[in-house]
Amino acid sequence: MAEFAPPGSLAWSAALLCTALLIGCGAEETGQATTEDGAAAAIDSAEGAADAGPFTARFSFAVIADTHVVSKGKNHDRLVAAVDWINKEAGARDIQLVLVLGDIAWAQGMSIGLADLAALQVPWVPIIGDNEIAGGSEVDYEETFAPHYNKLAGQLDDFVRAPLPVTAADGSALWLQNMSFNHGGVRFVGLDTAARVKHPIMSEQGWLHDVPGGTWPWFAAQIGAAKELPDESVVLFSHIPMHTSPGGFDVEEMAQITALIGPLGHKVYAHFSGHYHGDLTQEIKAAGYTAFVTDATWDDEVRVRVVKVSGNDLGFAYEHKLIDVPWDGP
């Protein structure tokens, strides 16, 4: 069981919601994943794609979430351990990419978190979480990570960030971190769904930001373009899960997302997120994709998810492993 954050902390509400959901925070997940010491992971593949011949390995990507770096301390040390493990294993496991799924750092920890991640020896793609917003670091996040996003444009195929800032309905500026890129034939779509509100509960919820230039029109355009892509070739990622609530989206927004993805669900493999400080696999049948939540690095195990991607002319197959990075600290 994952350790919960202390009452009053920015992560406390998310941990409380995780308990209410009874999702087994920090436990080994079921479905298309296994721990490093477990049996061989199941392979989730595009239906009918095997007709095009055997799948061949393309690449692997790693996922880390909820690093919570606020200073030089144990959270920083844990992130350094995860980075060191990825660098050590990247060659043997063919890890070519790392997704860093929000609640990375805020306040005085922003530059520390950036420096920790900059030690990665493969391209890494961060996305903002709710704690950066609640911690008053939305603009600081943009200023800190913008140079890295500019660097990614030279490292990843067709890397694009949505124009920003965006004007919210109340006239305020939103520094929405939406992006997309291609790697190994897979289309990765990053979605900024963090609420722009400071509230102990409401700040933990997902928002679609359905305004001109916002996350929802960006999302809709990306899904619309997926009809030309191979099956199971779209990977969505953000900090907040889409169809697991409370702590995700409200019922109306979940229905809105389902209506968008459902008709093209065979093109969308999965949505990767963090936020709950535990591991969870959930098949979202109505929307045609699988949700994968990855445990936080900052408490209990230092968790890294590694996803092996294979493909052929018609589609893709994915194999997950959950790795607990050796860690002797608190």
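Phe-59 has Val-309 in β14 as its bridge partner. In β15, Val-309 is in turn bridged to Tyr-318. This is a predicted model: local features need pLDDT of at least 70, side-chain atom pairs count only at pLDDT 80 or more, and totals for chains, interfaces and linings use all residues. Residues are numbered from 1 along each chain as its sequence is written, and side-chain values use heavy atoms, with hydrogens and water left out.

**Strands around β14**

- Helices (H or I, at least four residues) and strands (E, at least two) are DSSP runs, numbered from the N terminus.
- Two strands pair if DSSP finds at least two bridges between them.
- Strand β2 (residues 56–64) runs antiparallel to β14, and 7 bridges join them.
- β14 also pairs with strand β15 (residues 316–325), again antiparallel, over 10 bridges.
- The link from β14 to β15 is a hairpin of 4 residues.
- Strand β14 (residues 302–311) is mostly covered, with 9 of its 10 residues buried.
- Buried means under 20% relative accessible area, exposed over 50%, partly exposed in between (1.4 Å probe, protein chains only).

**Aromatic pairs**

- The whole structure holds 15 aromatic pairs.
- The pair of Phe-59 and Phe-188 is tilted, because the ring centres lie 6.4 Å apart and the planes meet at 55 degrees.
- This pair links distant parts of the chain: Phe-59 sits in strand β2 and Phe-188 in strand β9 (residues 186–190), 129 residues apart.
- Phe-59 and Phe-188 are both buried.
- Phe-188 also pairs with Phe-181, and this pair is stacked, at 4.9 Å centre to centre and 10 degrees between the planes.
- Phe-181 is buried too.
- Rings of Phe, Tyr and Trp (its six-membered ring) pair if their centres lie within 6.5 Å; planes under 30 degrees apart count as stacked, over 60 as edge-to-face and the rest as tilted.
- Ring pairs build a cluster whose members include Phe-59, Phe-181, Phe-188, Tyr-149 and Tyr-318.

**Helix α5**

- Helix α5 (residues 138–152) has 15 residues and reaches 20 Å from first C-alpha to last, close to the expected 21 Å.
- That expected span is 1.5 Å times one less than the number of residues.
- α5 kinks by about 45 degrees at Phe-145, shortly before the proline Pro-147.
- The bend at a residue is the angle between axes fitted to the seven residues ending there and the seven starting there.
- Buried residues of α5 include Tyr-141, Phe-145, His-148 and Tyr-149.
- Among the elements covering them are α3 (110–118), β5 (157–161) and β8 (179–183).

Methods
Contact means heavy atoms within 4.5 Å.
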